[in-house]
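Thanks for coming. I have one structure to go through today, so please look at the screen.

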Amino acid sequence: MPADPQRSVTDEPSRESGASAVEVRRSPRRRRTVSAYREGDRTVVLIPARMSEAEERRWVGVMLDKLAAQERRGVLGDRELTERALRLSEQYLGGRPRPASVRWVTNQNTRWGSCTPSEGSIRLSHRLQGMPEYVVDYVLLHELAHLLVPGHGPRFWRLLEAYPRTERARGYLEGVVAAHPPHLPAVRGE
């Protein structure tokens with residue numbers, strides 16, 4: 001039994017996910033529900049405190065399978081990402097920005113997205129994959145707005161006011177950065 005009976009951690013790899021550890025948190029306030037989420041490279045499973053070890057093992061397996069299935073469904077390909085950007089452009093920006101291409105990239109570790117207005121191309125960091133849809137939508141809208149307005153001035157932010165989850169998405173991304181700051185190369189002379 002772990003030192004804290006409310007929490008246990010296993011370093012066994014979790015089925016189909018990329019998570020390397022599973023942390024089980026028991027709660028005396030939780031009666032029947034079980035839930036799980038990813039926290040960095042760890043999966044956290046929340047269960048009722050009264051649950052037996054056998055029930056815990058069964059529910060951990062069930063929740064890992066559910067998370068893996070959600071993650072498989074949640075990753076859009078470049079074609080779907082482009083279609084989504086066009087729908088968002090139409091819905092929130094009057095269809096004015098028309099990106100020529102929208103794609104995932106793996107070389108953006110210090111920003112969530114970027115665009116090249118002269119080419120009409122938008123690139124989203126692969127780190128967004130698996131984040132809530134409203135967060136991906138916000139980053140897409142942010143980059144779509146840059147196809148119309150290059151900087152981050154008042155005119156740019158007015159464009160994003162139409163999206164009702166802008167502040168929530170920005171808060172989510174700020175929380176991710178605070179919990180897992182990007183690794184930045186050292187500046188010469190430091």
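Strand β7 covers residues 121–125, and it is mostly covered, with 5 of its 5 residues buried.

Before I go further, a word on what you are looking at. This is a predicted model. The average pLDDT of the protein is 84, and 82% of the residues score at least 70. Confidence is lowest in strand β1, residues 7–10, where the mean is 58, and highest in α3, where it is 96. There is also a stretch, residues 11–19, over which pLDDT stays under 50. For that stretch the model has 21 contacts beyond four places in sequence.

Now the overall layout. The protein has 5 helices and 7 strands. If you read along the sequence, the pattern is β-β-β-β-α-α-β-β-β-α-α-α. The protein has 190 residues, and 40% of them count as buried. The accessible surface comes to about 11,800 Å², and 50% of that belongs to carbon and sulfur atoms. As for contacts between residues at least 6 apart in sequence, 39% of them join residues at least 24 apart.

Back to β7 and its partners. What joins β5 to β7, and in which sense do they run? There are 5 bridges between β5 and β7, and the two strands run parallel. On this side, V105 stands opposite S125 in β7. The pairing with strand β6, residues 113–116, is antiparallel, over 4 bridges. Here C115 stands opposite I122 in β7. Strands β6 and β7 form a hairpin with 4 residues between the strands, and in this hairpin G120 takes a positive phi near 70 degrees.

G120 also takes us to another place in the chain. The C-alpha atoms of P97 and G120 are separated by 8.4 Å, and the two residues are 23 apart along the chain. Where is P97 found? P97 sits in the loop between α2, residues 78–93, and β5, residues 101–105. Is P97 buried or exposed? With a relative accessible area of 2%, P97 is buried. Leaving aside neighbours within four places in sequence, P97 is in contact with S89, L144, L147 and L148.

Three of those partners, L144, L147 and L148, have numbers that lie in the range of helix α3, residues 133–148. At 1.5 Å a residue, its 16 residues should span 22 Å, and the end C-alpha atoms are 23 Å apart, which agrees. Helix α3 is largely enclosed by the rest of the structure, because 14 of its 16 residues are buried.

Last topic: charged pairs. How many salt bridges does a search of the whole structure find? The search finds 7. I will show a few of them.

One of these is between E23 and R42, with the closest N and O atoms 3.3 Å apart. This pair links distant parts of the chain, since E23 is in strand β2, residues 21–27, and R42 is in strand β4, residues 42–48, 19 residues apart. E23 is buried, at a relative accessible area of 6%, whereas R42 counts as partly exposed, at 27%. E23, R25 and R42 are linked in a network of salt bridges.

The other example is around R79. R79 forms a salt bridge with E80, where the closest N and O atoms are 3.7 Å apart. R79 also forms one with E83, at 3.6 Å between the closest N and O atoms. Why are E83 and R79 separated by about one helical turn? Because they are 4 residues apart in helix α2. R79 counts as exposed, at 59% relative accessibility. E80 is partly exposed, with a relative accessible area of 29%, and E83 is partly exposed as well, at 37%.

That is what I had for today. Thank you.

Methods:
Residues numbered from 1 in each chain as written. Predicted model: local features only at pLDDT ≥ 70, side-chain atom pairs only at ≥ 80, totals over all residues. Heavy atoms only, no water. Expected span 1.5 Å × (residues − 1). Buried < 20%, exposed > 50% of the residue type's maximum accessible area, 1.4 Å probe, protein only. pLDDT = per-residue confidence, 0-100. Contact = heavy atoms within 4.5 Å. Areas by Shrake-Rupley, 256 points an atom, 1.4 Å probe, with all protein chains shown as cover. Salt bridge = Lys/Arg side-chain N within 4 Å of Asp/Glu carboxyl O. Pairing = 2+ DSSP bridges.
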